[in-house]
Amino acid sequence: MQVAVDGPWSPLLGRLTLEAIPYTNPILLFTFAIAATAGIVVVGSVLYFRKVGYIWREWLCSVDHKRIGVMYMILGLVMLFRGFIDGVMMRTQQAIAIGPDSPGYLGAAHGYLPPYHFDQVYSAHGTLMLIFAATPLLTGLGNIIVPLQIGARDMAFPYLNAVSLWLTVAGALLCMISLFVGEFSNATWVGLMPFAELPSNPGVGVDYWMWALQISGLGTTFNAINIITTIVKMRAPGMGWFRVPVFTWVNMATAIIGVTAFPVLTAALAMLGLDRYVGTHFFSAGFGGNYMLYINLFWTWGHPEVYFLVLPAFGLISEIVSTFSAKSLFGYPTMIAASMGIAGVGWVVWAHHFFTMGMGPNLIGFFSAATMIVGIPTGVKAFNWVFTMFRGRITLATPMLWAITCILLLLVGGITGMMLSASVVDYTVHDSVFVVAHFHCMVLVIGGGVFAAVTYWWPKVFGFKLNETLGQWFFWTFVAGSVLVFVPMFMAGLDGETRRLDYLWDTSLRPLMLLEVVGIAVYFLSVFFFLAMIVVSLAKREPAEQDAWGTGRSLEWLTQTPVPFYNFAVTPQVHALDELSWRKANGLEKAQPSTYVPIHMPSSTGLPFIIGMLGFACTFALVWRIWWLAGASLLAIILLVIIRSFDKNEGYVLPAETIAAAERNLSTVSVIAEQSKVLPVGGHAEAH
Amino acid sequence: MRYWRKLGLLAPLALAGCSTDNMRLFHPVGLMGGLEYHYTMWITGIMLLIIVPTVLMTIIFPLRYHHSRNAKYTPDWHFSAVIEILAWAIPLGMVVVLAYMSVSAIYRIDPWTTPALADAPGASLPPVKVEVIATDWQWVFVYPDENIATIDDLVVPAGRRVQLTMTATEAMNGFYIPQVAPMVDAMPAMISKDAFEIDQPAEFTGFSTDFSGAGFSWMYFKTRILAQADYDAWVKSVQASQNQLTYDVFTQKIAQPQVNYGAVPSYFSAPNAGSLFGKVVMDAMMGKTYPVPDSLTKSVSSTEGEAPASPAAK
């Protein structure tokens, strides 16, 4: 049954031996020291401050969409940092390893990373940044904001929401542990076929990559189902489809992509798994296999995935531009049409990722034209943002600076993307760093959108604003770093520099590579300012207003700041697209409800966390082919799901008096927030 | 305005971007490269017509309508049929033009049929056929009509069309000579094509663009365009080489995973050059692979020059 693999295998430990631990690599030892120190500090402080119970009850067992969202964001930020360090290693390696006379350190002939290590670094960079940084950051934002924007108590399936989070965490853990046990894939984040098959890649690296994508993809699919259901079923009374805020709309578009596209990835990876574990030949070159099938399947998921990531960023920009222009969003209906258009057209452009594979002028012509069509709704969005600012009353607070930069980045990424969609241009810069610089412009739109959103909604979630001065320093250093890294990268691409090189034979690239290292140094400054911003803001903690920026327009600014765990004391009645603006115009924004009704809330549960960790154990065992452990943990997951289905606990009811008290005196909210009390369901619980 | 000052910092960078001396793609050679450059410039130029005004508006509006300036303020203005129609029509019109250009360009440059080379001076002469085999991690150039082969050195005559037929032994690679030939993938068990024609003697560097494993960075090769007479002399000298490339030498030695540090060329006489390419393609289809053991991947470039020994053929 099992295909023969290189090296020893034992029933107890599978392929795992002591040699799998790279204790001779100084870079990894250093990384391990840092990771271990950070781990000890975190665990130690949790133990010292006796917060184990608090962390377990209030966070790990939480099904509150805001807490789950915050945990998604923390995961995303940690992975963003790790991905950034990978980027630093790539940039410094390429700045050293230029030409035959370049020096070599740490056992590498050129630079300090031999290809074996370098190839893992950039594969990890892509995988982590897209799947474990951008995706959790955006999912987290959607989790926090969508229910608030539509006036809901929680997501439609709070328990499934927690399961999604912990499956994503399991995938991220798998990527992290590959640093210290074994190796990560060297077959890029897309998985090159037939290179990722056993003959070229007999190690466990590809397996780590494959299972990390597989398990987190499962989580993302669940989350997409949850988002769709929440938006369709749980909007506040009065909120028709044309009163749904733009950010919620783009989350709808995104979730539709998620539900439809991720199964394609799951199927492709399952076939790859069969190739690598059972010895089938789906994607091999010979024996009737066809690696082009994989490339088609991967990008059938991969291109919608690009819009899966960038659409929420478009939504964030829309919200922020409108708020800080103190003006309605220009062209709301066309904005929604454009989002849905992008999500739809995104499905028929996948083949532009391999114009150079020789599919002939008919197909290339079709996919080239189809790709250019994406430019239309994207252009509409840019125009609408610009005309939202037109005759507005603009405040250039940090979120607005980010949003404006995102529009500019989108225009640069857009023009280079349109260039690439013309296959005749693609023939010169496909697989060059020009492409890398292009999609980094788009990813920076996502990154900038996330930083804008974090600054914008931070007070809503935590009750105090982030430090504005340090936020601006963070913004300007980040922008300067981006310019210094990616402008030279565009130029190197026009010089023909290929992506994924651990050694550059072309010495004329040296000045550009050095400039990029300067950019990376500036990025380091921006990381410092980001951390300083968080620390200083946490230390000061000046309470924010309910409508923290004074020009909030949508429902989330209507409730208390920070948002109580039940979100809204009473479910709001919606009268307009920009409900809060409408209420302000009618002098109703401070109106208090006359009576409160009991609220039905979901109970916390530790099962999702346990399922996630068992998922991690199962995939880790599959990577190392430890069959007993894989089987046992899979069986345990199935048993837990069965047990859960017999769970009669339908949540608890928050009595009206408690809500009234909480609304009168916000300080009691923190006491009530101890959700461990499970009250029986009864009385006339408010339906949700 | 302090924001203007900060934007001013970017000006030197923009100027640096205007110097194209170090950017090969701005200096195309030959019809294929020239055509690519032509379309790149037109497509980019047309797009700048709408990108530049949008960039300007994105920068100017936040300053013009900054709250400190008390400019005209219309908080509820959120729709204008004229602007909406323009917002859809302008990108639509641009996309129609660009798509037309892109589609007509691909029919002109198609590397399989190369209509772009139809008017070239070399169109009346028989093309030079070169069969390209990408191994892990070298380029093998087989000249079926001349019965010679080289590694990492593509030598062709000036003024004649060069017709490349490509495949690979193990991993997928991208064949690319900037300024000269379009990028086309060389893939195991498949045949792809590329072509170019250069009318003056010149030298270029070509390389692989699609990652193929640990030795990928060393997969570059010299491309030499010689005058016809020099080319003929070169072919004769290689035909006399004692170094022979046969199918057995290819499968047991050359196609085995190895890194050619510095891309040092080698030259072979190849009596049966005409049959080698077809056999390599057929082998791959029948499932022949040249496995890369983990130990090899781990040791590449740890000490250059002492290339790890090739594993025995499987």
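In what sense do β9(B) and β10(B) pair, and over how many bridges? They pair in the antiparallel sense, over 6 bridges. This is a predicted model. Chain A has 21 helices and 2 strands, while chain B holds an open sheet of 5 strands. The two chains touch: 89 residues of chain B are in contact with 86 residues of chain A.

**Chain A: overall build**

- Chain A contains 21 helices and 2 strands.
- The radius of gyration of chain A is 25 Å, close to the 26 Å given by the globule rule for 688 residues, so chain A is as compact as a globular protein of that length.
- The C-alpha trace of chain A spans about 75 × 60 × 50 Å along its principal axes.
- Buried residues make up 60% of the 688 in chain A.
- Take the contacts in chain A between residues at least 6 apart in sequence: 83% of them join residues at least 24 apart.

**Chain B: two domains**

- Chain B divides into domain 1 (24-69 + 80-109) and domain 2 (125-288).
- The centres of the two domains of chain B, taken over C-alpha atoms, are 38 Å apart.
- Domain 1 of chain B puts 11 residues into the contact, and domain 2 of chain B puts in 9.
- On the domain 1 side of this contact, helix α3 (residues 30-64) of chain B gives the most, with 5 residues.
- That side of domain 1 of chain B has 6 nonpolar, 3 polar and 2 charged residues.

**Chain B: the sheet**

- The strand order of the open sheet is β4-β10-β9-β6-β7 (chain B), and the pairing is mixed.
- β4 (153-157) and β7 (181-186) of chain B are the edge strands; each has a single partner strand, so one side of each has no neighbour in the sheet.
- From one strand to the next, the twist averages 20°.
- Strands of a sheet pair through backbone hydrogen bonds, in either the parallel or the antiparallel sense.
- β4(B) runs parallel to strand β10 (residues 220-226) of chain B, and the two pair over 5 bridges.
- In that pair, B:Pro157 stands opposite B:Leu226 in β10(B).
- Helix α5 (residues 228-239) of chain B packs on the sheet and touches β4 and β10 of chain B.
- The direction of α5 of chain B makes about 130° with that of β4(B).
- β9(B) and β10(B) pair in the antiparallel sense, and B:Thr205 has B:Lys222 in β10(B) as its bridge partner.
- Strand β6 (residues 173-177) of chain B pairs with strand β9 (residues 202-208) of chain B in the antiparallel sense, over 2 bridges.
- B:Tyr176 has B:Phe207 in β9(B) as its bridge partner.

**Where chain B meets chain A**

- The contact takes 89 residues from chain B and 86 residues from chain A.
- On the chain B side, the elements that give two or more residues are α2 (11-18), α3, α4 (81-109), β7, α7 (273-285) and α8 (294-299) of chain B.
- α4(B) supplies the largest share of that side, 15 residues.
- By class, the chain B side has 51 nonpolar, 24 polar and 14 charged residues.

**Backbone points to check in the loops**

- The peptide bond from A:Met193 to A:Pro194 is cis, with omega near 0°.
- A:Pro194 lies in the loop between α5 (158-180) and α6 (205-233) of chain A.
- B:Asp136 and B:Trp137 are joined by a cis peptide bond, with omega about 5°.
- B:Trp137 sits in the loop between β1 (128-134) and β2 (139-143) of chain B.
- A:Leu106 is not a glycine, yet has a positive phi of about 50°.
- A:Leu106 belongs to the loop between α3 (65-96) and α4 (115-149) of chain A.
- A:Leu106 counts as partly exposed because it has 13 C-beta neighbours inside 10 Å.
- A:Ala326, also a residue other than glycine, has a positive phi near 50°.
- A:Ala326 is placed in the loop between α8 (291-324) and α9 (332-345) of chain A.
- With 19 other C-beta atoms within 10 Å, A:Ala326 is partly exposed; a residue needs 20 or more to count as buried.

Terms used: Residues are numbered from 1 along each chain as its sequence is written. Chains are lettered from A and ligands numbered from 1 in the order in which they are written. This is a predicted model: local features need pLDDT of at least 70, side-chain atom pairs count only at pLDDT 80 or more; totals for chains, interfaces and linings use all residues. Helices (H or I, at least four residues) and strands (E, at least two) are DSSP runs, numbered from the N terminus. The radius of gyration is taken over C-alpha atoms; the globule rule is 2.2 Å times the number of residues to the power 0.38. A residue is buried if 20 or more other C-beta atoms lie within 10 Å of its own, exposed if 12 or fewer, and partly exposed in between; C-beta atoms are placed from the backbone. Two residues are in contact if their C-beta atoms, placed from the backbone, lie within 7 Å. Domain bounds come from an automatic or database domain assignment. Ala, Val, Leu, Ile, Met, Phe, Trp, Tyr, Cys and Pro count as nonpolar, Asp, Glu, Lys and Arg as charged, and the others, Gly among them, as polar. Two strands pair if DSSP finds at least two bridges between them. Axes are lines fitted to C-alpha atoms, for helices over the stretch in contact, and angles run from 0 to 180 degrees between N-to-C directions.
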